[in-house]
Amino acid sequence: MQELLRLLAEDAPGPELARAAGDDAVARELVLRVRARMDASKKREAELTTLVDVARELASARDPGDVLDTIVHRTRSLIGVDVAYLTLYDEARGDTYMRATDGSVSADFQQLRLPVGAGLGGLVAKTYKPYWTADYPADRRFRHTGPIDQAVAEEGLVAICGTPLIVDGAFVGVLFASNRTRRPFSHDEVSLLVSLAALAAVTIVQVRAAAETAAALEQLSAAHAGTEHAAAAHDRFADIVLSGGDVDAIAAALAELLGVWVVLVDAGGNELAVAGTPTGTVPWQESESGRLTRVGDCWVVAATAKRERLGALVIGGADDLSGADQRIVERAAVVTALVLLFRRQAAEQSQRAQADLLADVLSGRADPRTLTERLRLLAPNHRHDHLVVVVCRGDHTAVRARLSAPLEDKLVLSGPYGGDLVLLLARTTAAAAARELSEVAKRTGVTIAVAGPSDWSSLVEAHRRAARLATTMLRLGRTGEAATPDDLGVAGLVGAAEVDARAHVQHVLGPILDYDDQRGTDLIGTLHAYYAAGQSPTRAATSLHIHPNTVQQRLDRVTALLGDGWQSPDPSLTIQVALRLLSALG
């Protein structure tokens with residue numbers, strides 16, 4: 001057995017371990033099982049590392065062709081197949097066509113077109129769901145056609161797995177992994193292919209947006225290339241967009257090029273970027289088209305994309321603008337609109353991905369191993385303990401928009417779940433989160449319940465606690481409020497599935513207990529006597545054998561510690577229950 005352990009520590013292969021085990025069947029089976037688990041662990045680690053490398057490599061790619069080639073090359077190496085390939089949807093012809101391959105040797109296969117519904121890829125394109133088979137030629141689930149079967153046979157493919165690329169709810173293409181011999185695809189391999197497809201879809205959106213922006217700039221340059229000034233502006237805007245710059249960089253460049261101040265507002269008039277020092281009122285509503293309009297001492301042009309007004313550029317500080325300068329402003333508005341549109345699409349894509357991940361986490365049915373990489377990419381704070389926040393009723397969009405900057409920094413995931421808005425927060429306490437969310441609840445009229453902290457293994461139960469708390473708050477008419485279970489006092493204890501008595505006592509009586517410990521006083525004993533005497537300071541003084549003024553002084557100290565109102569019915573009941581729990585805990 002010591003020899004087997006030494007070989008395992010030296011990472012010996014399975015056959016060598018089996019020989020070392022000799023005739024001991026039990027030892028041989030055990031050591032080979034350990035070897036298999038070690039190999040599987042190494043494989044999973046290598047796959048996750050490769051996925052992160054893929055994300056970095058795709059993020060740095062700018063050319064659409066390079067992006068697609070990277071996707072199929074990485075897919076082939078990560079899944080460990082003979083051939084990987086990607087088809088894109090041709091909206092004009094209503095089919096998909098081969099766009100990138102890795103490992104392919106057949107020219108006919110590389111030029112193949114797949115009608116929607118035909119073959120495995122056509123079924124993926126039709127249903128927007130992944131499909132896989134260990135033996136495609138013999139699998140009757142798929143509609144076989146002559147051209148497809150001939151191309152597949154010429155390439156020698158047998159096992160095929162395909163998953164759709166979806167961008168903004170629209171079908172873009174299919175990512176495939178295939179083998180030239182019969183082989184099954186495991187659930188983990190399909191999940192990895194789905195993750196690669198998600199990365200590919202987001203990257204395709206980014207690269208397409210950059211390419212469309214560059215194309216728009218080229219068209220505008222060709223139409224208005226009349227002066228060196230216009231050419232310089234074109235180059236400046238192109239550099240900003242292609243290097244990943246945002247609208248504030250565009251506004252700053254425009255202000256520098258024309259010697260003006262610039263204000264960019266969104267469709268609601270909220271400032272998105274300011275360059276220079278604006279003077280007077282900004283007339284952002286005065287233009288609805290992409291043509292520059294003079295309004296008083298300012299110039300206004302709408303930033304529109306897909307016939308939607310996304311915002312407006314307002315220019316000031318110049319007595320007049322030449323024709324070339326006016327075209328530069330209009331060009332800046334076009335570029336700004338494209339950047340705003342791309343930013344919104346990227347945000348929507350990220351929100352959808354987060355909502356899907358949150359639903360998988362809270363359902364409790366997802367395989368934790370398949371969630372690891374998604375959490376790594378979408379929730380960088382996922383290693384911390386988390387609070388679960390359930391927002392009931394009201395406008396969920398308004399709630400997200402009103403989150404304070406400190407809470408935004410602590411937000412790990414958010415999305416709809418079970419008809420509510422659910423937020424996961426890290427690096428804060430339930431009490432602190434409830435305080436920060438109280439203003440949001442008050443302004444939006446929603447009911448917000450906070451539970452936790454909890455680690456990933458118990459998030460499902462934490463969500464149930466938060467949902468029960470929200471239901472209790474609604475029954476009590478506590479709308480427009482944010483609360484933890486302790487904030488509801490007795491009602492919170494009744495509505496909870498289980499109670500941490502010590503934590504509740506500390507929440508209610510903590511300031512008094514701390515004061516007694518630090519000062520050597522007995523305010524807790526005074527409260528016991530006060531309530532036992534029917535809240536009569538005089539009778540409490542008699543039972544304590546002290547002067548009534550002394551009792552009143554102690555009660556005044558309680559008021560200073562707990563705040564005004566602690567003697568009113570609801571807080572008083574909560575305090576009495578906490579005192580009973582304290583006595584029971586000993």
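In which strand does Pro453 lie? In this predicted model, Pro453 is part of strand S15, which spans residues 447-454. The peptide bond that joins Gly452 to Pro453 is cis, and its omega is near 5 degrees.

Arg427 is partly exposed, its relative accessible area being 44%. For Gln535, phi is near 65 degrees. Gln535 belongs to the loop between H19 and H20 and is likewise partly exposed, with a relative accessible area of 32%.

Helix H18 (residues 501-519) has a kink of about 80 degrees at Leu509, shortly before the proline Pro511. Leu509 is also one of the buried residues of H18, which include Ala501, His504, Val505, Val508, Ile512 and Asp516. After H18 comes Gly520, with a positive phi near 70 degrees.

Helices H19 (residues 523-532) and H20 (residues 537-544) pack with their axes 8 Å apart, at an angle of about 120 degrees. H19 is therefore oblique to H20. The crossing of H19 past H20 is right-handed. On the H19 side, the contact is formed by Thr526, Ala529 and Tyr530, and on the H20 side by Pro537, Ala540, Ser543 and Leu544. Sorted by class, 5 of the residues in the contact of H19 with H20 are nonpolar and 2 are polar, while none is charged.

Conventions
Residues numbered from 1 in each chain as written. Predicted model: local features only at pLDDT ≥ 70, side-chain atom pairs only at ≥ 80, totals over all residues. Heavy atoms only, no water. Axes fitted to C-alpha atoms, helices over the stretch in contact; angles between N-to-C directions. Helix = DSSP H or I, 4+ residues; strand = E, 2+ residues; numbered from the N terminus. Parallel < 35°, antiparallel > 145°, perpendicular 65-115°, else oblique. Left-handed = near helix turned anticlockwise from the far one by under 90°. Contact = heavy atoms within 4.5 Å. Nonpolar A, V, L, I, M, F, W, Y, C, P; charged D, E, K, R; others polar. Bend = angle between axes of the 7 residues up to and from the residue. Buried < 20%, exposed > 50% of the residue type's maximum accessible area, 1.4 Å probe, protein only.
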